[in-house]
Amino acid sequence: MKKTFLTIFCFSILLTSCEVDEGLNIDQKNPTEVPASGLFTNATRNFFDLMQSASVNFNVFRLYSQYWAQTTYPDESQYNQVTRNIGGNIWNTIYRDVLQDLKGARESLEAAENPENLQNKLAIIEFMEVYAYSVLVDTFGDVPYTEALDPTNPSPAYDDAATIYADLLSRLDAAITQMNPGQGGFEASQDPVYDGNVALWQKAANSLRLRLAMRLVDVNPSVAQATAEEAANAPLITDNSENFGIQYLGGAPNTNPVWVSLVQSGRTDFVGANTLVDELQALDDPRLEAYFQPVDGQYIGGVYGTANSPSSFSLPGEMLYDPTLPGNIITAAEVHFLLAEAAARGYAVGGTAQEFFEEGVELSILEWGGDPAEAAAYAATAWSETPGATELEKIAYQKWIALYNNGFEGWTVWRLFESLPFNAPEDMTLEDVPNRFLYPVSEATLNPEGYEAAASAIGGDTKSNTIFWDVN
């Protein structure tokens, strides 16, 4: 009897011990459900960090724009896209860390019960998705789009770049229409760009629409003109206080990524390129002192495409060593140069090419801390002093200068116009300046069917093949 009682007692304890508190298995630091605001903030920050980065593993566009030259390792200035997985890092960051999070943010909002300011939030997410996809197209050409971001499809088909652009413009128009500046968006703490100001998000979206329209001038002029004129008659970024950029903080990990490369790394990998330094000196441009630092009282650019001694050539300007430098990727200056180009092509955008050009020059100087009187005086003479055989060449030249801290767009100015005073690296010609990035090696191995079809469609996976809008 004792044995029977003891057996029953032990068995009851065993059953009791099997009742586990499942709450103990929940990782409080890594939630299984992330709120839409957190996904949106993370995606936005990752996108800006990529576009602002100076790491040669992610962003070499200050080099491709010939704003900077390299010191110890000049491979990227010599257009080596193979040694480092740069294209793969761009690809993975945008698809995995930006677009996937934006998709999650949208799904979370749509699944929530009566989320506050739903339409504005969805429109802002849509705008960011359009921007991210436009960068993918402008970098690679044809990319996965309609079948992208599907976890059940590891081998998505690539879409035609021009077709993607047409859809992006349609989506952007709808997002702009959906934005209601009279209502709120994401809370200020969730919005690292505009602190919840929907009116400014709408201006940024319109400004991107103007940029994309001007990409199309040589391949679809009627769409380019109609879209540019619509954008010009809508609210745009017209003042530096409205620039589309993150305000970074003074402490890691929330600093401007340029500071990480120039200061936190403890390395001196970059100096000003002689390409830009020489041009600024020839023009007696007041931005020279902001863009670069003197060496023994002189501004000396490193030879582009070679290894340069950091002690012998001008380093990037002191403002770029500030961890709180705003990470602007659409500025009032750029918008004015886009309007100047539109006006020069005869579009009805509310001003003349020279008027927009001079405003763009002045805004650029002020963006970099220039004296207002000096900025106005320089801008007043820039139209006649700027090199260029045509109005468009003058505009492209000054736009390139103004985009100094936005290397991706600086490189795009070269691809669209090819009238800039670029220098060819030793034993190369200007034909060697890349027009696109090679597809990631991982695509050839993990998505061979999609990769082969895309490479064939664009005439081969080479650096020299052009994006669809680059026909000159």
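In which loop is the place of Asn117? I began with this residue and found that Asn117 sits in the loop between H4 and H5, where the helices are DSSP runs of H or I with at least four residues, the strands are runs of E with at least two, and both are numbered from the N terminus.

**Ground rules.** I am working on a predicted model, in which local features need pLDDT of at least 70 and side-chain atom pairs count only at pLDDT 80 or more, while totals for chains, interfaces and linings use all residues. Residues are numbered from 1 along each chain as its sequence is written, and side-chain values use heavy atoms, with hydrogens and water left out.

**Backbone entries.** I noted for Asn117 a positive phi of about 55°, although the residue is not a glycine. Asn117 counts as partly exposed because its relative accessibility is 22%; buried means under 20% relative accessible area, exposed means over 50%, and partly exposed lies in between, with a 1.4 Å probe and protein chains only. I then looked up Asp296, which also is not a glycine and has a positive phi of about 55°. Asp296 is found in the loop between helix H11 (288–291) and strand S6 (327–330), and at 78% relative accessibility Asp296 counts as exposed. I also recorded a cis peptide bond between Ala252 and Pro253, with omega about 5°, and placed Pro253 in the loop between strand S4 (244–246) and helix H9 (257–264).

**His336.** I found His336 in helix H12 (residues 332–344), where it counts as buried at 4% relative accessibility. The side chain of His336 reaches the backbone oxygen of Ala332 at 2.8 Å, and I read this as a polar contact, that is, a pair of N or O atoms within 3.5 Å in which, within protein, one must be able to donate a hydrogen and the other to accept it, residues adjacent in sequence counting only if both atoms are side-chain atoms.

**Aromatic rings.** I counted 44 aromatic pairs in the structure, using rings of Phe, Tyr and Trp (its six-membered ring) with centres within 6.5 Å, and calling planes under 30 degrees apart stacked, over 60 edge-to-face and the rest tilted. Phe61 and Phe408 form an edge-to-face pair, at 5.0 Å centre to centre and 85° between the planes. Phe61 lies in helix H3 (residues 61–64) and Phe408 in helix H16 (residues 407–417), so this pair ties together parts that are 347 residues apart in sequence. I noted that Phe61 and Phe408 are both buried. Tyr95 and Tyr133 are edge-to-face because their ring centres are 6.4 Å apart and their planes stand at 75°. The pair links distant parts of the chain, with Tyr95 in helix H4 (residues 86–111) and Tyr133 in helix H5 (residues 118–140), 38 residues apart; Tyr95 and Tyr133 are both buried. I also traced a cluster in which ring pairs link Phe40, Phe47, Phe48, Phe127, Tyr131, Phe186, Tyr194, Trp201 and Phe244.

**Charges over rings.** I found Arg62 over the face of Trp68, at 5.3 Å from the ring centre, and Arg436 over the face of Tyr439, at 4.7 Å from the ring centre; the criterion is NZ of Lys or CZ of Arg within 6 Å of the ring centre and within 35 degrees of the ring normal.

**Cavities.** My search of the whole structure gave two cavities of 30 Å³ or more. On a 1 Å grid over the protein atoms alone, a cavity is a set of points where a 1.4 Å probe fits but cannot get out, a pocket is an open set with protein on both sides within 12 Å along at least five of seven lines, and lining residues have an atom within 4 Å of a point. Grid points are joined across faces, edges and corners, and a volume is the space filled by probe spheres set on the points. The largest cavity has a volume of about 50 Å³, and its lining includes Phe61 and Phe408. The second largest cavity holds about 30 Å³, and among its lining residues are Phe61, Arg62 and Trp68. H3 gives the most to this second lining, with three residues.

I put the largest pocket at about 410 Å³. Of its 18 lining residues, the closest to its centre are Trp91, Asn153, Pro154, Pro156 and Glu443. H4 gives the most to this lining, with five residues.
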